[in-house]
Amino acid sequence: MNYRHAFHAGNFADLQKHAILLALLEALTVDEAPLAVIDTHAGAGAYDLRGDMAQKSKEAAAGIGRLLAEGDAPAPFAPLLKAVEELNVGAADAPLYPGSPLLIARALRRSDRYTACELRDDDFDQLRKVLGPYAFAQGLKADGYATAEARAGRGGRTFVLIDPPFERPDDYAQCVATVRAVRKVDPAAVLAIWTPLKDLETFDAFVRALENVTDDALIAELRLRPLRDPMKMNGSAMVLVGAPAAIEPKVSEITTFLAERLGEPGAAARVWRA
């Protein structure tokens, strides 16, 4: 699967991922203790929806475009919509969309730390520019899985975002291995994993493997259509390990709204604990 961020910026999966990410960061920054965030596959940090890749997919129009036009998204979407609005101050429309790095940097405090990993040369160059104004944020051209394992538990609380492109055949296994490694050195670490939903067999196998390394996972499945065609991205899921229980209602509201508003016949939302 080719899931380079720029092709899909602002689509339904980004809306689920980013709204949940901001809800999680809000909960984690209530505690005064510093938070160390590691982003394993950061991408470019922000995206021009008029760019060639975004225009080729045109997925943003059916995602962030609809939310902005319809204006009735529930409260858990407010932080994301505010970030989009502020990124586009003075623009006639909303041609720019913030990626996870910019959203994370905006949500953190000066006492926190943020490490954003990206291996692609062009995306890494853009990532460094996006993070430039944030002294506590570092762009790192390094393998994100290895960085998460190496930096977890180095002081303060740990939060790891795992958002791979799923172009490698071992990405699911690497996600599980990273959860195991991070929680071994920091049992209180919180992790969030984004995955596509193509077919149920692949996702169920991933969840079964994850259950072997943790019993503390909250899973939010957003199915835009029944999972019948494994050649399509039929939905997306956010898997949260060690997340505060208080965010579960927001996770459910975000996922359910997107299924009802953006889904095709047969769409469904499922939020459950593994």
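Strand 7 is covered on both faces in this predicted model. On one side sit V190, A192, W194 and P196, on the other L191, I193, T195 and L197, and all of them are buried. Counted along the strand, which spans residues 190–197, that makes 8 of 8 residues buried.

**Neighbours of strand 7**

- Strand 6 (residues 157–162) pairs with strand 7 in the parallel sense, with 4 bridges between them.
- Strand 9 (residues 235–241) runs antiparallel to strand 7, and 7 bridges join the two.

- Helix 9 (residues 171–185) belongs to a β-α-β unit together with strand 6 and strand 7.
- The handedness of this β-α-β unit is right-handed.

**Helix 5 against helix 6**

- Helix 5 covers residues 78–87 and helix 6 covers residues 100–107; their axes come within 11 Å.
- These axes cross at roughly 100 degrees, and angles of 65 to 115 degrees count as roughly perpendicular, so helix 5 and helix 6 are roughly perpendicular to each other.
- Helix 5 brings L80, A83, E86 and L87 to the contact, while helix 6 brings L102, L103 and R106.
- Sorted by class, the residues in this contact are 5 nonpolar and 2 charged, with no polar ones.

Definitions and conventions: Residues are numbered from 1 along each chain as its sequence is written. This is a predicted model: local features need pLDDT of at least 70, side-chain atom pairs count only at pLDDT 80 or more; totals for chains, interfaces and linings use all residues. Side-chain values use heavy atoms; hydrogens and water are left out. Axes are lines fitted to C-alpha atoms, for helices over the stretch in contact, and angles run from 0 to 180 degrees between N-to-C directions. Angles under 35 degrees count as roughly parallel, over 145 as roughly antiparallel, 65 to 115 as roughly perpendicular and the rest as oblique. Contact means heavy atoms within 4.5 Å. Ala, Val, Leu, Ile, Met, Phe, Trp, Tyr, Cys and Pro count as nonpolar, Asp, Glu, Lys and Arg as charged, and the others, Gly among them, as polar. Buried means under 20% relative accessible area, exposed over 50%, partly exposed in between (1.4 Å probe, protein chains only). Two strands pair if DSSP finds at least two bridges between them. A crossover is right-handed if, with the strands pointing away from the viewer, the path from the first strand over the helix to the second runs clockwise.
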